[in-house]
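Please examine the sequence and the model below before reading on.

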Amino acid sequence: MESIQTFQVSVPQELVDQLDQKLSLASLPNELEDSDWEYGAPLADIKRLLEYWQQDYDWQVQEARINELPQFMTQISVNGFDNLDIHFVHQTSPVESAIPLLFVHGWPGSFLEVAKILPLLADTNDGTEPAFHIVAPSLPNFGFSQGVTKKGFSLPQYAEVCHNLMLKLGYTQYGQFN
């Protein structure tokens, strides 16, 4: 069995600086009068977002928040495809009778969708509600998981990745939420 490694997000400052430079060089188009969202995001909204990313957004703060999550990386085999490096959050519950729960993010989305509810699901404090061991993978082609380089990867293969991950973690029975 391949190992499961802890994972921490670490984006080099050089890449953050490169993004900042690209944002400063952005050339914005004109827009049609009174088009609102009919032809895409209004120019005023794009300018506001651009200004926020250039002046107020602090990647290091966000990176530190992400790294508070219990993150891991492992290889998962998929029939007909190469092994894939899969990133996932795995929050185990201190409750002995906790139920394994697979949390699958939406599209567009990411493993971060589970962050706010992790503590609520993992520990019920008084034991009157069920508790869960939560597994929230970054699906292939999302987040920090490896992308697929071969045609034909679709819903059955995504399901296989999730199931094989749960088996690798020792969960033969589990609930699923998405």
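**Architecture and pockets**

Read from the N terminus, the elements of the protein chain follow the order β-α-α-α-β-β-β-α-β-α-β. The secondary structure thus comprises five helices and six strands; helices (H or I, at least four residues) and strands (E, at least two) are DSSP runs, numbered from the N terminus. This is a predicted model, in which local features need pLDDT of at least 70 and side-chain atom pairs count only at pLDDT 80 or more, while totals for chains, interfaces and linings use all residues. Residues are numbered from 1 along each chain as its sequence is written, and side-chain values use heavy atoms, with hydrogens and water left out.

The C-alpha trace of the protein chain spans about 60 × 45 × 35 Å along its principal axes. Its radius of gyration is 20 Å, whereas a compact globule of 178 residues would have a value near 16 Å; the quantity is taken over C-alpha atoms, and the globule rule is 2.2 Å times the number of residues to the power 0.38. Among contacts with a separation of 6 or more, 70% join residues 24 or more positions apart, a contact being heavy atoms within 4.5 Å.

Of the 178 residues, 35% count as buried, that is, under 20% relative accessible area with a 1.4 Å probe, protein chains only. The protein chain exposes about 11600 Å², of which carbon and sulfur atoms supply 52%; accessible areas come from the Shrake-Rupley method with a 1.4 Å probe.

The pockets come next. On a 1 Å grid over the protein atoms alone, where a 1.4 Å probe is fitted, a pocket is an open set of points with protein on both sides within 12 Å along at least five of seven lines, and lining residues have an atom within 4 Å of a point. The largest pocket holds about 260 Å³ of space, a volume being the space filled by probe spheres set on the grid points, which are joined across faces, edges and corners. The elements that give two or more residues to its lining are α1 (13–24), α2 (43–55) and α3 (59–66). Helix α1 gives the most, with five residues. Trp-53, Tyr-57 and Trp-59 are among the lining residues, as are Asp-20 and Asp-58. By class, the lining has eight nonpolar, two polar and two charged residues; Ala, Val, Leu, Ile, Met, Phe, Trp, Tyr, Cys and Pro count as nonpolar, Asp, Glu, Lys and Arg as charged, and the others, Gly among them, as polar.

The second largest pocket has a volume of about 180 Å³. Helix α5 (residues 155–168) supplies the largest share of its lining, four residues. The lining includes Leu-155, Tyr-158, Ala-159 and Cys-162, together with Gln-176 and Asn-178. Seven residues of this lining are nonpolar, two are polar and none is charged.

Technical notes:
Buried means under 20% relative accessible area, exposed over 50%, partly exposed in between (1.4 Å probe, protein chains only).
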